[in-house]
Amino acid sequence: MSLSLITAGSILICPDLRLRQPPSYLTISSSLSSFILPSSNHRKITLPVKVTARGDMETAAETISGGVPNNTMKLLFVEMGVGYDQHGQDVTSAAMKACKNAISSNSIPAFRRGSIPGVSFGEMKLQIKLGVPRSLHHQLDLDKIKSIFPYGEIVNVEVVDGGLICSSGVLVEEMGDKNEDCYIVNVAVYVGY
């Protein structure tokens, strides 16, 4: 039996059991190092658990997965977007649209105006995390995706399982369709220095 526990504030998430709050039969010790599961003999399972508390305004320089953002930059904010390719089955096009969506409704005057003491415009760094269906990872053209960003040094591009392949409901040969598949890509763009 496998069970994953993730603490998020006062909410316990158990993905394998699809629980949002701990049920009455699941007990967590104050040290968060053990819990009891229902079974014929109520076995106690002890696991090491790392808990990190942060203040409201603090940000971490790394994530648990070791992905974006990493400790090569100081994180200022995160832009998120979604992109679709409804016809033509081009996952790179969907990823480029996601990146455009993430950055198109934001302005970053702080870098150009010197609002961050000791940081110049040339020190802006970007990290990109793309959620793409696993079967399409190999079709991505990362150079085309990077070309969406007009400025800032791209220090990392991470592609993870995500996004969606669904039906567009129609095959339109005139638009290059090979089938009815629609590709959807999600992105998080981390901006810092």
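**Reading the features**

Guide: One aromatic pair is present in the structure. Rings of Phe, Tyr and Trp (its six-membered ring) pair if their centres lie within 6.5 Å; planes under 30 degrees apart count as stacked, over 60 as edge-to-face and the rest as tilted. Here the ring centres of F121 and Y151 are 5.2 Å apart and the planes stand at 55°, so the pair is tilted. This is a predicted model, in which local features need pLDDT of at least 70, side-chain atom pairs count only at pLDDT 80 or more, and totals for chains, interfaces and linings use all residues. Residues are numbered from 1 along each chain as its sequence is written, and side-chain values use heavy atoms, with hydrogens and water left out.

Visitor: Where in the chain do F121 and Y151 lie?

Guide: Helices (H or I, at least four residues) and strands (E, at least two) are DSSP runs, numbered from the N terminus. F121 is in the loop between α2 (109-113) and β7 (125-132), and Y151 is in the loop between α3 (142-146) and β8 (153-161). The pair links distant parts of the chain, 30 residues apart.

Visitor: Which charged end sits over the ring of F121?

Guide: A charge sits over a ring if NZ of Lys or CZ of Arg is within 6 Å of the ring centre and within 35 degrees of the ring normal. The charged end of R112 meets this for F121, at 4.0 Å from the ring centre. R112 also has its charged end over the ring of Y151, 5.3 Å from the centre.

Visitor: How many salt bridges does a search of the whole structure find?

Guide: A salt bridge is a side-chain nitrogen of Lys or Arg within 4 Å of a carboxyl oxygen of Asp or Glu. The search finds one. R134 forms a salt bridge with D161, and their closest N and O atoms are 2.4 Å apart. R134 lies in the loop between β7 and α3 while D161 lies in strand β8, so the pair ties together parts 27 residues apart in sequence. R134 is exposed, with a relative accessible area of 60%, and D161 is partly exposed at 42%.

Visitor: How many disulfides does the structure hold?

Guide: A disulfide is a covalent bond between the sulfur atoms of two cysteines. The cut-off is a pair of cysteine sulfur atoms within 2.5 Å. The structure holds zero disulfides. C166 is in no disulfide; the nearest cysteine sulfur belongs to C182 and is 4.2 Å away. C166 is partly exposed, with a relative accessible area of 26%.

Visitor: Which residue in β10 stands opposite C166?

Guide: Two strands pair if DSSP finds at least two bridges between them. The residue opposite C166 in β10 is C182. Strand β9 (residues 164-167) pairs with β10 in the antiparallel sense over four bridges.

Visitor: How many bridges join β7 and β10?

Guide: β7 and β10 pair in the antiparallel sense over seven bridges. In this pairing, I128 stands opposite V189 in β10. Strand β6 (residues 75-85) also pairs with β10 in the antiparallel sense, over 10 bridges, and V189 is the bridge partner of E79. Strand β10 (residues 181-192) is mostly covered, with 10 of its 12 residues buried.

Visitor: Which residues is V132 in contact with?

Guide: Contact means heavy atoms within 4.5 Å. V132 is in strand β7 and counts as buried, at 0% relative accessibility. Leaving aside neighbours within four places in sequence, the contacts of V132 include V91, H137, L140 and V185.

Visitor: What is the phi of Q89?

Guide: Most residues other than glycine have a negative phi. Q89 has a positive phi of about 50° although it is not a glycine. Q89 lies in the loop between β6 and α1 and counts as buried, at 6% relative accessibility.

Notes
Buried means under 20% relative accessible area, exposed over 50%, partly exposed in between (1.4 Å probe, protein chains only).
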